[in-house]
Amino acid sequence: MLYILIYTDNTQKKRGKEGRKLEMIKADQLSVKLESFSLKDISFVLPTGYITGLIGCNGAGKTSLLNTILGIHKPQKGILQLFGETYESSEKKIRQETGWVLGADLFCAKLTLEENASLYGSLYDRYDGTVFARYCELFSLNGRSRLGKLSKGEYLKFQLAFALAHDPKLLILDEPMANFDPEFRKQFLKIITGFVEDGAHSCLIASHLLKELERVADYVMMLQNGRLLFMEEWERLTEQYRLLGGEDYLIRKLPKDKVISVEKGEYGTKALVQHTAYSAYDAGLAVRIPTLEEIMYFISRKGDGTC
């Protein structure tokens, strides 16, 4: 699978106009049928120069979507473009420009970090062993250690070091932060923020650690049961929703068309509602901007998904 992710056709010719400014990823009515799961009619544009957080409950389809973007799964319907190209026309270009950190064991466990990086780095035009060594030092990784001896968190750090060392335009990251200690998470978030700050790079990161994600995400995509519920700027989400809390009878008086979902508790009732600048609420209700975790939780309750 690693070979497929890196490079599967060395005869591809460059297409399109050089220097043309393109969206990093464009999906139009994308559908993918897997053995026990399907992605259905997914459309979005991931713009250049931003970090996009991919969220959803377990089984929502986050990894399936990332694997489709990486060319591991083939769509049965719709269009998928990266850098304005398709895998059918420009697979080499796409793989050269895409870096990834995944949960799967894709490298050779018997080789050292340096040997793995040298072997697979030879498949990338811009791979730089000096950059890889610098990131290993920054991440407290011993390049002469065998890959199979690493902890899960160290293995993900190695993948990140390798990805950055071949100078991609796009980073695809699948749940990396859960295996990082809190101190390295801060360093990791700083690295990906720096990665996109020149406006020429983008990052798509799936994560359940939503508190950390809302610190860096410019856009948020939410999946549920294989469908894309929304892709929106994080700041717009904080403008569009409010979390209300109070006595149940006050919550029940809210306009039904504005209520996303309701949760009754022992000490009161909460509701996520659509909000505008003209919204007015009863003085007996506590009103605040919801966190990303609360937005995902209450939206998932509206459908048949549970987190």
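Student: What makes up the secondary structure of the chain in this predicted model?

Tutor: The chain holds 11 helices and 13 strands.

Student: How many of the residues count as buried?

Tutor: The cut-off is under 20% relative accessible area. By that test, 50% of the 307 residues count as buried. The accessible surface of the chain is about 15500 Å², with 48% of it on carbon and sulfur atoms.

Student: What makes helix α3 "mostly covered"?

Tutor: Apply the cut-off of under 20% again. Helix α3 covers residues 87–96, and seven of its 10 residues are buried. They are Y87, S89, S90, E91, I94, R95 and Q96.

Student: How do you know that β1 and β4 pair?

Tutor: Pairing takes at least two bridges. Five bridges join β1 (residues 25–33) to β4, and these strands run antiparallel. One of the contributors is A27, whose bridge partner in β4 is L80.

Student: Why are β2 and β4 called edge strands?

Tutor: The open sheet has three strands in the order β2-β1-β4, with antiparallel pairing. Strands β2 (38–46) and β4 (77–82) each pair on one side only, and that puts them at the edges. From one strand to the next, the twist averages 20 degrees.

Student: Which helix lies across this sheet's strands, and at what angle to β2?

Tutor: Helix α2, residues 62–69, lies across β1, β2 and β4. The helix runs at about 65 degrees to β2.

Student: What share of the contacts is between residues 24 or more positions apart?

Tutor: Contact means heavy atoms within 4.5 Å. Among contacts with a separation of 6 or more, 72% join residues 24 or more positions apart.

Student: Where does pLDDT stay under 50?

Tutor: Over residues 7–21. The model has 22 contacts beyond four places in sequence for that stretch. Where pLDDT is low, the predicted coordinates should not be read in detail. For the chain, pLDDT averages 92, and 91% of the residues score at least 70.

Definitions and conventions
Residues are numbered from 1 along each chain as its sequence is written. This is a predicted model: local features need pLDDT of at least 70, side-chain atom pairs count only at pLDDT 80 or more; totals for chains, interfaces and linings use all residues. Side-chain values use heavy atoms; hydrogens and water are left out. Helices (H or I, at least four residues) and strands (E, at least two) are DSSP runs, numbered from the N terminus. Axes are lines fitted to C-alpha atoms, for helices over the stretch in contact, and angles run from 0 to 180 degrees between N-to-C directions. Buried means under 20% relative accessible area, exposed over 50%, partly exposed in between (1.4 Å probe, protein chains only). Accessible areas come from the Shrake-Rupley method with a 1.4 Å probe; for residues, only the protein chains shown count as cover. pLDDT is the predictor's confidence in each residue, from 0 to 100.
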